[in-house]
Amino acid sequence: MSLPRDDGHVHLADYVPPAWRIRHADLAFDLDPDATEVHARLSLAPDPDQPRQPLVLDGEALTLLAIAVDGRPLPADRYAYDGNTLRIEGLAGACELETRVRVHPAGNTRLEGLYQSGRLLLTQCEAEGFRRITFFTDRPDVMPRWRITLRAARERFPVLLANGNPVARRELDDGRHESTWENPHPTPCYLFAIAAGDLDRVTHSVRTAEGREVELNVWAEPADVARCAYALGAVERSLRWDERRFGRGYDLDVFNVVAAQDFTMGAMENKGLNIFNARYILADEATATDADFLAIESVVAHEYLHNWSGNRVTLRDWFQLSLKEGLTVFRDSEFSADLHSRAIKRIEAVRVLRGRQFAEDSGALAHPVRPDRYREISNFYTLTIYEKGAEVIRLLHTLLGEDVFRAGMDRYFADNDGRAATIEDFLAAHAAASGRDLTQFALWYSQAGTPELAITEHFDTATGDYTLTVDQHVPPTPGQPVKQPMLVPLRLALYADDGTAITAAPETDAARNGDLVELVAARHVLRWRGLAGKPLATFNQGFAAPVKIAFSQSPADLARSVRVERDEVYRWDGLQQLATRAILQHDVLAADALEAALQDLLTDPAADPAFVAECLALPDFDTLADAMDPVDPEALLDARDALLDRLSRALAAPLQARYDAMEAAAAQGLDGPAMAARALRNACLGWLTRVDPAAVLAQRQFDRARNMTERGAALRCLLHFDAPGAAAALAAFRGQFAHDPLVTDKWIGWLATRPHASATQAVTELLASEWWKPANPNRVRAVLGSFQRGNPRAFHRADGEGFRLVAGQLPGLDATNPQVAARLLGGFEGWRRLHPPLRAVARATLAGLEGQLHSPDCRDLLARLLVD
């Protein structure tokens, strides 16, 4: 890592190894919510390849009680602590540093370091939270082995958990007890964790493929532990999948997961002790939707799979963040695809890319998958790092094929086990396994922006020659005005008039790789000779490359391509394109073609219900807005609603028939077919409620619901369409689940996303109610995050009330939890693309925050949002 330059940024180019290494860390905690003391013994050694330097350790919000070197108290003139760093002069060589500090978990609203959640004590250390626990070199390339001892009052904290394996337990005087843990693997401090409190568990023991006996535990507060069984099953499924697909075994004797009601992130992959936001652990059919169950399985897999892609092989520095996050998102998406529907999982990923990541790529906060500088690393936990990073890994997998990619992964893990790696290390392993030069591929890591492919066609009726010209452009982004062409694997197919595939290969200067054409230049030409007629061209099946494609095609040809193409992702995408044309261009022919295609899907008994449900979900506001410049939100949403109203009326009969036909399958539990049936029934319900002012069907489903998936979808329809029974249904729902904070978050989110400009009043009332808990990140996301991201009509009100509502809460949230505030501030990233009147309101709102936001997280984002 490196120090910030005069511009306030840490730069990738300035990386230097740590001047001092920490070989072993022995920590002892005397736990108390109001005042915890931490005794640290660090075995230190200077880097022999660097000039001798003072020891500089990170430390924030620490009260230093004692300090010694090699057992001798350190004189005051040998060290200095300024509230951020501890500097020690005159160390001659390898030594042992002892410090004793006091921290205050109960007052730690930032939820970084050691903090209190209810009656639990928990930690969150990524990215730079460990410095709030004790003095340390808080960077990922410092990887000691650890011994951790926890002491606490047994009655208050009967369970004491830490990283690694439990090695000793004993009773102490005065009702206290002690637990000691050892982590034998070199591990950076951002993966440190402890959890203490009154916890209960569900548990299961497994024997790994390597013969290790492992105890799997999911812990929660006793009242919640009954809802942990599904998460425990997901842990075992993840373990078995990683053994089969990547040959990776688990490497400790225990794997512990703890559910926390107060947690800024979704979950954290700490070595052997994963701490989770409770929303990604607690579930039963009465309180969790199918989407919740699938999210739990996916997030559990993500954190478990980090054991190799992030823990055993970690990061040299935070610039390499996507090396663990993008890689592990790819791995967890493959896990879900292997266990469920590969097409549906891919469609879900493309929705996120199109709706959110592409917008991030084209906005004020655009940055490469590996940034070259940052001011605050916490602001780079973005969709670009995670989702686009996963797409880059998927591109590599597409180029190399499964077998060669697996060989590259095996080599990467073998070469870097126990090391802090870089993107270059990852690419070098795959280059060695494949024999390919990946220099141009590496541009996906260093260049920001979404590549755009402009494809034009020409057919010569006299010769039968068909030509495609592909022009690649990567738009300018902040700090990168000029881009080089990327390596883009383009998948394409041609079809004759009778729908048969044309298998002849094109003449082209681009390399061909199976069914791929590898684009490497700004322009490539592909030519087929002697065709009997003009073919129908289709592109990017499976969304093989995360690019935007501009290809002029009539609605009739686009509809025909949806019929002839067998790739479900392409078929879904074709319907999305028809809907986009109907909404943005008011294209009646596109609307007609979309209606006919949906009619065919709804009346096809062989069509996968989950796929039909995805096709009924038209492009959302963010996806449509990314295709416009400037954006008039009200006009855009009116056009989208008009298309939905038209389709709902025209397709009412098949929608009702499909809704009824799915009833029996929807009652079957948590298997795939039952979830698919419920997805389609609820999609149909949303459309049918649009044309049913009394919402009879939604009210009936609410009254008869057998699970939260059915009940929640019905209540959402009642609320969003102002049904006569909405208030009574909400009151009944609220009363039934008032004790459950996660279910409370659900109804608050449905209320905040009611698609009417007047929803600002409902959110204002929530902010003044007992339900508003600004110190709880889940509740903040339910109220303000749902409103900002899920209610474009109210958030983008012409009078600016939606903007001001969110912005008005930011100073208070910034003082409480800067990361939560920064995420909400980032929701303004698309303001420059709004039409001029609303753009002026948005800018004035953001400018009004200057001087009111004091955390480095928010000041960094605000400066980037307002830069000219």
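The model is predicted, so local features need pLDDT of at least 70 and side-chain atom pairs count only at pLDDT 80 or more, while totals for chains, interfaces and linings use all residues. Residues are numbered from 1 along each chain as its sequence is written, and side-chain values use heavy atoms, with hydrogens and water left out.

**Helix pairs**

Helices (H or I, at least four residues) are DSSP runs numbered from the N terminus. Axes are lines fitted to C-alpha atoms over the stretch in contact, and angles run from 0 to 180 degrees between N-to-C directions.

| Helix pair | Axis separation | Angle |
|---|---|---|
| Helix 6 (residues 402-416) and helix 7 (residues 423-434) | 8 Å | about 130° |
| Helix 22 (residues 759-767) and helix 25 (residues 801-816) | within 10 Å | roughly 15° |

Helix 6 and helix 7 are therefore oblique to each other. Angles under 35 degrees count as roughly parallel, over 145 as roughly antiparallel, 65 to 115 as roughly perpendicular and the rest as oblique. Helix 6 passes helix 7 in a right-handed crossing; the near helix is then turned clockwise from the far one by less than a right angle, and anticlockwise if the crossing is left-handed. Contact means heavy atoms within 4.5 Å. Residues in this contact include Phe-405, Met-409 and Tyr-412 of helix 6 and Phe-426, Ala-429 and His-430 of helix 7. The contact has nine nonpolar, four polar and two charged residues. Here Ala, Val, Leu, Ile, Met, Phe, Trp, Tyr, Cys and Pro count as nonpolar, Asp, Glu, Lys and Arg as charged, and the others, Gly among them, as polar.

Helix 22 and helix 25 are therefore roughly parallel, and helix 22 passes helix 25 in a left-handed crossing. Thr-760, Val-763, Thr-764 and Leu-767 of helix 22 meet Glu-801, Gly-802, Leu-805 and Gln-809 of helix 25. Three of the residues in this contact are nonpolar, four polar and one charged.

**A buried glycine**

Gly-574 lies in helix 10 (residues 568-584). Gly-574 counts as buried because its relative accessibility is 0%; buried means under 20% relative accessible area, exposed over 50%, partly exposed in between (1.4 Å probe, protein chains only). Leaving out residues up to four places away in sequence, Gly-574 touches Leu-558 and Val-562.

**Cysteines**

With a disulfide taken as a pair of cysteine sulfur atoms within 2.5 Å, the count is zero. The cysteine sulfur nearest to that of Cys-615 belongs to Cys-684, 12 Å away. Cys-615 is buried, at 2% relative accessibility. For Cys-717, the closest cysteine sulfur is in Cys-684 at 11 Å, too far for a bond. Cys-717 is also buried, at 6% relative accessibility.

Methods: Helices (H or I, at least four residues) and strands (E, at least two) are DSSP runs, numbered from the N terminus.
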